[in-house]
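Here's a quick briefing to read with the structure open.

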Amino acid sequence: MTTSSSYPVLNRADATASDFNTLNHVIARLLATRRTVVVVQVKAVTGTGLNPVGFVDVQPMVHQQNAAGAVTPHGVLYQVPYFRLQGGSRAVIVDPVEGDIGLALVADRDIFNVKTARSAAAPGSFRQHNMADALYLGGFLNTTPQEYIWLHDGGVTLKTQGKIDITAQSLTLNGDAEINGSLTVSKETTAKGISVTQHTHPGVQPGSGMTGVPQG
C-alpha cells in the first residue's frame with residue numbers, strides 16, 4: 001500500500017494510519033453512500049381507493065448530521081409507490097394516510113421508467129441505491145387503530161365507525177347469529193322453510209277478525 005499521489009482516494013485518509021485502517025476508512029465512506037431501508041413519514045397520498053395502486057410523498061425521519069453535529073432534516077421523496085396486498089384482481093385495500101410511519105425500501109437501480117410504464121423497462125439513469133428510487137411499506141410505529149379487523153384467540157373482531165357493505169352472489173353463515181339493532185330485509189325471508197310474509201295460519205274462522213300475536 002502506498003500513500004503517493006497516484007492514489008488520491010486513499011490519501012483522504014490519515015496518512016499516519018495503518019494500511020488496514022486507511023482501506024477501512026475508504027470502504028466505510030463508500031458504504032455510507034448506499035441506501036437500503038429508511039424510516040419515513042407520509043406527507044401526501046395519491047391514487048387511493050378503487051384505483052391502481054397509488055403513490056405517497058414521504059420524508060425520512062432520521063435527520064442528516066454532519067461531523068460537527070449539526071442536524072438537517074431530509075427533503076421529501078415524491079411519487080413513491082406504496083404497497084397493497086394484492087394478487088391479480090383481488091386485493092385488500094388499506095390505503096396509507098398522511099402522518100403514517102413506514103419504511104422506504106430503496107431499490108438498487110433507477111425505477112422511474114418501471115413506475116411510469118407499470119411494466120418491465122430499462123433503468124432511467126445509472127444511479128444506484130438512491131432514495132429517489134424508494135418503495136413504501138407502511139405500518140410501523142403507528143398509533144392504536146380505531147377501525148380494524150382483529151384476529152385473536154377468541155375469534156375475529158371487526159370494528160368500523162361507518163357501515164359495512166357486502167356485495168356477493170350469496171352469503172352463508174354457519175353458526176348462531178345475534179343482532180343488537182334493527183334488521184331490514186328487502187326480499188322474502190324464510191325461517192325453517194316457512195315464508196315470513198306469505199305463510200298462513202290454519203284453524204282460523206272466516207270473518208274480519210285477525211289472528212293474535214305470534215306465540216313463543
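What follows is a short tour by topic, from the overall picture down to single residues.

This is a predicted model, so to speak of local features takes a pLDDT of at least 70 and side-chain atom pairs count only at pLDDT 80 or more, while totals for chains, interfaces and linings use all residues. Residues are numbered from 1 along each chain as its sequence is written, and side-chain values use heavy atoms, with hydrogens and water left out.

**Overall picture**

- The protein has two helices and 13 strands; these are DSSP runs numbered from the N terminus, with helices being H or I of at least four residues and strands being E of at least two.
- Of its 216 residues, 16% count as buried. Buried means under 20% relative accessible area, exposed means over 50%, and partly exposed is in between (1.4 Å probe, protein chains only).
- The accessible surface comes to about 17,300 Å², and carbon and sulfur atoms hold 56% of that. Areas come from the Shrake-Rupley method with a 1.4 Å probe, and for residues only the protein chains shown count as cover.
- Take the contacts with a separation of 6 or more: 49% of them are between residues 24 or more positions apart. Contact here means heavy atoms within 4.5 Å.

**The nonpolar core**

- In soluble globular proteins, nonpolar side chains tend to be buried together.
- A nonpolar core is a set of buried Ala, Val, Leu, Ile, Met, Phe, Trp, Tyr and Cys residues joined through side-chain atoms within 4.5 Å.
- The largest one has 13 residues, and the members touching the most others are Val38, Val40, Val56, Val58, Leu77, Val80 and Tyr136.
- Two or more residues each come from strands E1 (37–46), E2 (55–60), E5 (77–81), E8 (101–106) and E9 (134–138). E1 gives the most, with three residues.

**Asp95 and its partners**

- Asp95 sits in the loop between E7 and E8.
- Setting aside neighbours within four places in sequence, Asp95 is in contact with Thr48, Gly49, Tyr82 and Arg84.
- A polar atom of the Asp95 side chain lies 2.6 Å from the backbone nitrogen of Gly49, and the Asp95 side chain also makes a polar contact with the side chain of Tyr82 at 2.9 Å. A polar contact is a pair of N or O atoms within 3.5 Å; within protein, one must be able to donate a hydrogen and the other to accept it, and residues adjacent in sequence count only if both atoms are side-chain atoms.
- Asp95 and Arg84 form a salt bridge, with the closest N and O atoms 3.1 Å apart. Arg84 is in the loop between E5 and strand E6 (85–87), 11 residues from Asp95.
- Arg84 counts as buried because its relative accessible area is 11%.
- Asp95 and Gly54 are 41 residues apart in sequence, yet 8.8 Å apart in space, C-alpha to C-alpha.

**Other salt bridges**

- The count comes to four salt bridges, each being a side-chain nitrogen of Lys or Arg within 4 Å of a carboxyl oxygen of Asp or Glu.
- Asp133 pairs with Arg127, the closest N and O atoms being 2.8 Å apart. Asp133 is buried at 0% relative accessible area, whereas Arg127 is partly exposed at 30%.
- Asp110, Arg127 and Asp133 are linked in a salt-bridge network.
- Arg109 and Asp108 meet at 3.9 Å, N to O. Arg109 is partly exposed at 41% relative accessibility, and Asp108 is partly exposed at 43%.

**Nonpolar surface patch**

- Ile149, Leu151, Val156, Leu158, Ile164, Ile166, Leu171 and Leu173 make a nonpolar surface patch of about 940 Å². Patches are made of residues with over 30% relative accessible area and no salt bridge; like charges are joined within 9 Å, and nonpolar side chains (Val, Leu, Ile, Met, Phe, Trp, Tyr) within 5 Å.
- Strands E10 (148–152) and E11 (155–159) each supply at least two of the patch residues.
- Val156 lies in E11 and counts as exposed because its relative accessibility is 60%.

- Gln79 isn't a glycine, but has a positive phi of about 55 degrees. Gln79 is in strand E5 and is partly exposed at 38% relative accessibility.
- Arg118 also has a positive phi, near 55 degrees, in a residue other than glycine. Arg118 is in the loop between helix H2 (112–117) and E9.
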